[in-house]
Amino acid sequence: FSFITDETASFALKFLFSAFAIVFHRDDILRPWVNLDVVKILWKALLRSSDMSKVKQSLVKYKITRIEDMADIMSLMGILDRKYLRTKNQSKQEIYLRIHHDLMWDFGLFFSSRISMNGGELIKCDQHGIACCDICFADSRDMVLARNTKKWNILIVKQFKSIVGSETNVNLEAYRVNWYPLHIINSGSHYEASAILKCEDFLNSKIQENGIESCVRSMLSFVQSYEKSLNCNPFSDESPMISVIYFIHRYLSNLNASLEGNTIFIKEAAQSLVFLGIELQKFAIWSKSLDLFIEALYLLRSINYDDNHPITAHVLRRIDSCVLRNVVMVARNSPNKLRLKHVGPNISQGHKHLSLELSSHPGFGIVRCEGVSEITIPGKNMSYNGIFLAVGLKDSAIIVNYDGQSIQNESCGRLFFSAMATSGEGAVLVMRSQLQIGSNSQNNEEVKDIINSMHSASLFSIDPNGFIYPTTDPHLCLGIYPHPSVYL
């Protein structure tokens, strides 16, 4: 930015660029191409905001008065790439911009986490009287970034709503289908975002603009941003992912009936069903994911893709991934033992956010089975629920917290537990909930013994080699059942 010698004008361009970097960032694409008409919506909103009320005049001195001028000079400085592209719904080529390099995106992130504006003035620290003071504001950078991100997303959403139906020379559809849901999410309007993500008209427009496969990828990315914005666990019941997947699947199923003979669309629809099935597997919905994979296989065979075709072979592997093998206790010398991949020498001290991806079975991890079993201890007024564990693809591997004594699922809080508090080779591993005890059983000695035995059966250790073993039976470890479980 030293290309601009005026300090205020340089600051104004840094501000606009950083807002571009943050607002047009997607978790699945760090540096996406953005239509210039879409960039205009953001930069016009910023230039009209109070934050830039005192600095925007400095740009006039350099005769930088139009949005196109700002894009041109950033391209000339080498911080933005430019290309001309005509999509299938556009009658002429249009300009697209993206950040030139990952380091430039890092600069945008750096700048956005340090700039606090109020009425066009930079906020300075009390102690040194310095804006962006690295000493006084060191602990508030995440807060500043979150505040600026929300503020800028609110600005672009308001600007878009204000020009809908009034500006005919701006490609508003490019913004509506590619960016509007993300900006609604990041502005905090989650109810409106949820409605958009399940709107058939929006999905239809997005498919018309982007194609089936790109549309589905983007929709899943929007939901992941929704989860991130709500700070909810992506595999918890709070996530809207499952309902959006079912909505997209219903739409595609209806669409497939009209695609007969269209090889390209049918191939994209099949690949999109695979994406949806993979996401469902992360929620341990194995039976529905199997349905989606089989539906994708039928579509590929309808366009004469044989089993040796790379796409068909991938679908067949995904179908095989729905056949799970339960996790059980095995002897330490068993060839079926499981070994974790992401384990360090200090694992005995505990580990938060530990993925149960396996090095003993590359590409696989310990996953949840489908369904929850309700277990009642007869005559004791005691109950808990459990989820069986199995080995599946690493994409669905459980994330746990390990405190050196027990292993707890990060998303639901259930504990690893040797089923029915049994021990020995072949004992099945489950994740159990907290034990529910009736009030009339609290002081019963027999009940206390059951509680103690269940506590002992929930004690697990992880050694530095990555083996998980019951603390009370160190000669055993977790292993894989030699025969698969098939879910119908």
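**View 1. The largest pocket of the predicted model.** On a 1 Å grid over the protein atoms alone, a pocket is an open set of points where a 1.4 Å probe fits, with protein on both sides within 12 Å along at least five of seven lines, and lining residues have an atom within 4 Å of a point. The largest pocket holds about 560 Å³ of space, a volume being the space filled by probe spheres set on the points, which are joined across faces, edges and corners. Its lining comprises 18 residues, and I22, A146, T149, N186 and K228 lie nearest the centre. Helix 6 (141–163) contributes the most to this lining, with five residues; helices are DSSP runs of H or I with at least four residues, strands runs of E with at least two, numbered from the N terminus. This is a predicted model, in which local features need pLDDT of at least 70 and side-chain atom pairs pLDDT 80 or more, whereas totals for chains, interfaces and linings use all residues. Residues are numbered from 1 along each chain as its sequence is written, and side-chain values use heavy atoms, without hydrogens and water.

**View 2. The aromatic pair of F24 and W179.** The rings of F24 and W179 are edge-to-face, at 5.1 Å centre to centre and 75° between the planes (rings of Phe, Tyr and Trp, the last by its six-membered ring, pair if their centres lie within 6.5 Å; planes under 30 degrees apart are stacked, over 60 edge-to-face, the rest tilted). F24 lies in the loop between helix 1 (7–23) and strand 1, and W179 in the loop between helix 7 and helix 8, so the pair ties together parts 155 residues apart in sequence.

**View 3. An aromatic cluster.** F11, F15, F17, F107, F111 and W152 form one aromatic cluster.
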